[in-house]
Amino acid sequence: MRSKSGFSFFSKMTSSRKRPSLSIPSKSYESSDINKTIDNAAEIIEKWNTEYVSTNKFYSLFCESKREAKKFVKRVKELQNAMDMLIREDPNSENLLRAQNLMQIAMKRLQKEFLQILSMNRAHLDPESVSSRSPTSVVSNDDDIWHESRSASDSIIEVEEVSKNSRTELKSIADCMIAAGYAKECASTYKSIRKSIVDESIYRLGVEKISSSKAKKMPCEVVELKMNRWIEAVKVSMKTLFNGEKSLCDDIFESSVSLRESCFRDISKEGALLLFVLPETIALRDKKNPNPEKIFLLLDMYCTITENLLAIESIFSFPSISIVRTQAHSSLSRLSESIISHLVDFESEIRKDSSKTVVRGGGVHPMTISAMNFISRLAGYSTALTDILKGSSSSSSSSAKSLLPKSYFNVSESEESPASELKVRFAWMILVLLCKIDGKAEMYKDFSMQYLFLANNLQHVVSRARSTNVKDVLGDNWIAKHSEKVRQFARSYERLAWGPLASMCPAISTSEAVEMSPEEAMMQFKKFNETFENTCEAQSECIVLDPKLLDEMRISIGRKLLPVYRDFYNAHRNAVMLAGTEGEWNVRYTPEDIGNHLSELFSGKGISENRYECTPDFCTVTTATPTPGRKTRSLSCRRF
């Protein structure tokens, strides 16, 4: 501590330190009373004079005797009042000079006590100390659980008590030093200890300064790790670290608004800026190197800031620390821009996909699966995406809406009440996917297989949309329309693949069929048998993954075949059996046989190269090697 001459101290007392106006003392106030006050203060101040305490060990007044510590502070305050009177009545008196020397000794002692309490109770004053002391050890039985809980509870109570007492003592010292004009010394001591705690906590949370050039060179795995650590760091720092430091500053420096602001600013500004500048650095990096999968971590970072935005505005409310609030908003803006870029890149990847993969059996294409996994997961961030798209200056959503068919949404949505930006964006992304799938359907030579492929893929899109948050975004009307489109594709497949066989059924069910000769009936059975076998063989590789669609298609085909075949079978089987040659059975399939064959349709039993795994919510497919030399046509959406 610097030494203070009488003149400098007097100047400090009269000009630099502002104190509330006091009533003018009465004439009856004897100089002996002032002398007594100074003597009383001198007795305890000189007793604890730092200069006369052993240099080998610091004996803390507040640790040795709480009662005497309170007395020390009380005498210093009385000494201060006496000095105020002397300054007004007799500024040149020897008593004032003596009081000044005593005050210097007292302030030096209090400053050391202030530092000692801050240092010794560092853990107890740490904002994370109480909240982190919850029972975490594994216990084996009820008694252990009871004792562990009791011990943890006692520990928390003890820590809270120490924290409360330490805060009270620090506030008492701070009030005394501020009143005596030593606010600067008090604040400097406080900042030196508490800033190191904040900086260390930020470091331990895994947040470090990263330049833009360094971020560009970092591997994706390292960046993702830092993003995850940052998300947890913000949750901890806003809930405990910065909030706790603000509370501590407010408690200790309650008597001075300016000190509360300057202390909290100098303690937390650097750490807070380090924390909130990281998203901006990463967002700029990823905007130039977009990766659709990275969008979810960016959204997590965006949500983390928005969820803590009110706390940020409240904790860093002082004008001198507004730069922290500005940085948080700047990071939000950069994250928004990066997220929009990733959405555009996702659409671009679908359009540019040039894979020649042909899914055997007309099953679900890997691109459909991965794209819907992405879109379904994306729908979980609907609130954040709504804000991002609303605040985006990009015209991509408007362009998407202008390109969407007019009947794409509910007819009640008029020009005055357009679909939300989020709804348009999701509808557009799925339409881009469906258009690409429509183009990939052209890779099948058989037209019926094209429609089965379209039905399978659109059904997967609808199922994923129905079972996830995509339904909330797009609405029931969108689901219903596309479900009907699935049925249309399925009917087109049935017409092309099973139509020739189904066309025979009316012939064998006509009135003329009842009057057929046994030979004619036998030829009809033979013709039906051959056509049925050829159709089953041709469709043996077909697969339908969705259980509901599978049942609907089997039932639909069965309804077209079984009733008329059963009638014809019952009418002619006996005659055909008698007309057959010895040892030959001309009616190869009973109605039950037909039903059994139909019940095995679309199971993919004719497929050996592909492996399918499917649940109502998720499908994966390992496809066979694509047919070499197969060409694709240009993309179109004529069937959607």
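Modeller: Helices, labelled H, are DSSP runs of H or I with at least four residues, strands, labelled E, are runs of E with at least two, and both are numbered from the N terminus. This is a predicted model, in which local features need pLDDT of at least 70 and side-chain atom pairs count only at pLDDT 80 or more, while totals for chains, interfaces and linings use all residues. Residues are numbered from 1 along each chain as its sequence is written, and side-chain values use heavy atoms, with hydrogens and water left out.

The relative accessibility of Thr-304 is 3%, so this residue counts as buried. The classes are buried under 20% relative accessible area, exposed over 50% and partly exposed in between, with a 1.4 Å probe and protein chains only. Once neighbours within four places in sequence are set aside, Thr-304 is in contact (heavy atoms within 4.5 Å) with Trp-230, Ile-231 and Val-234. Cys-303 also counts as buried, because its relative accessibility is 18%.

The whole chain gives the setting. The protein chain has 25 helices and two strands, and buried residues make up 48% of its 640 residues. Among contacts with a separation of 6 or more, 82% are between residues 24 or more positions apart. The accessible surface of the chain is about 32,300 Å², with 51% belonging to carbon and sulfur atoms; such areas come from the Shrake-Rupley method with a 1.4 Å probe, and for residues only the protein chains shown count as cover.

Cysteines come next. A disulfide is a covalent bond between the sulfur atoms of two cysteines. With a disulfide taken as a pair of cysteine sulfur atoms within 2.5 Å, the structure holds zero of them. Cys-263 is in no disulfide, and its nearest cysteine sulfur, that of Cys-249, is 5.4 Å away. Cys-263 counts as buried because its relative accessibility is 0%.

Helix H8 comprises the 22 residues 183-204, which at 1.5 Å a residue should span 32 Å; its end C-alpha atoms are 31 Å apart, which agrees. The expected span is 1.5 Å times one less than the number of residues. H8 has a kink of about 25° centred on Lys-191, where the bend is the angle between axes fitted to the seven residues ending at a position and the seven starting there. The buried residues of H8 include Cys-186, Tyr-190, Arg-194 and Ile-197. Gly-206, which follows H8, has a positive phi near 90°.

A search of the whole structure finds 16 aromatic pairs, where rings of Phe, Tyr and Trp (its six-membered ring) pair if their centres lie within 6.5 Å, with planes under 30 degrees apart counted as stacked, over 60 as edge-to-face and the rest as tilted. The ring centres of Tyr-190 and Phe-253 are 5.0 Å apart and their planes are at 90°, so this pair is edge-to-face. Tyr-190 lies in helix H8 and Phe-253 in the loop between helix H10 (220-252) and helix H11 (257-288), so the pair ties together parts that are 63 residues apart in sequence. Tyr-190 is buried, with a relative accessible area of 0%, and Phe-253 is buried with a relative accessible area of 0%. Phe-346 and Phe-374 have ring centres 4.1 Å apart and planes at 20°, so they form a stacked pair. That pair links distant parts of the chain, since Phe-346 is in helix H14 (residues 322-352) and Phe-374 in helix H15 (residues 366-379), 28 residues apart. Phe-346 counts as buried at 6% relative accessibility, and Phe-374 is buried at 3%. One aromatic cluster is formed by Phe-525, Phe-528, Phe-532, Tyr-565, Phe-568, Tyr-569 and Tyr-589.

Three further residues complete the account. Ser-341 is placed in helix H14 and counts as partly exposed at 22% relative accessibility; its C-alpha atom is 9.2 Å from that of Ile-295, 46 residues apart along the chain. Gln-450, in helix H19 (residues 447-466), counts as buried at 3% relative accessibility. Phe-602 is found in the loop between helix H25 (591-599) and strand E1 (611-614). The phi of Phe-602 is near 65°, a positive value in a residue other than glycine, and Phe-602 counts as buried at 2% relative accessibility.
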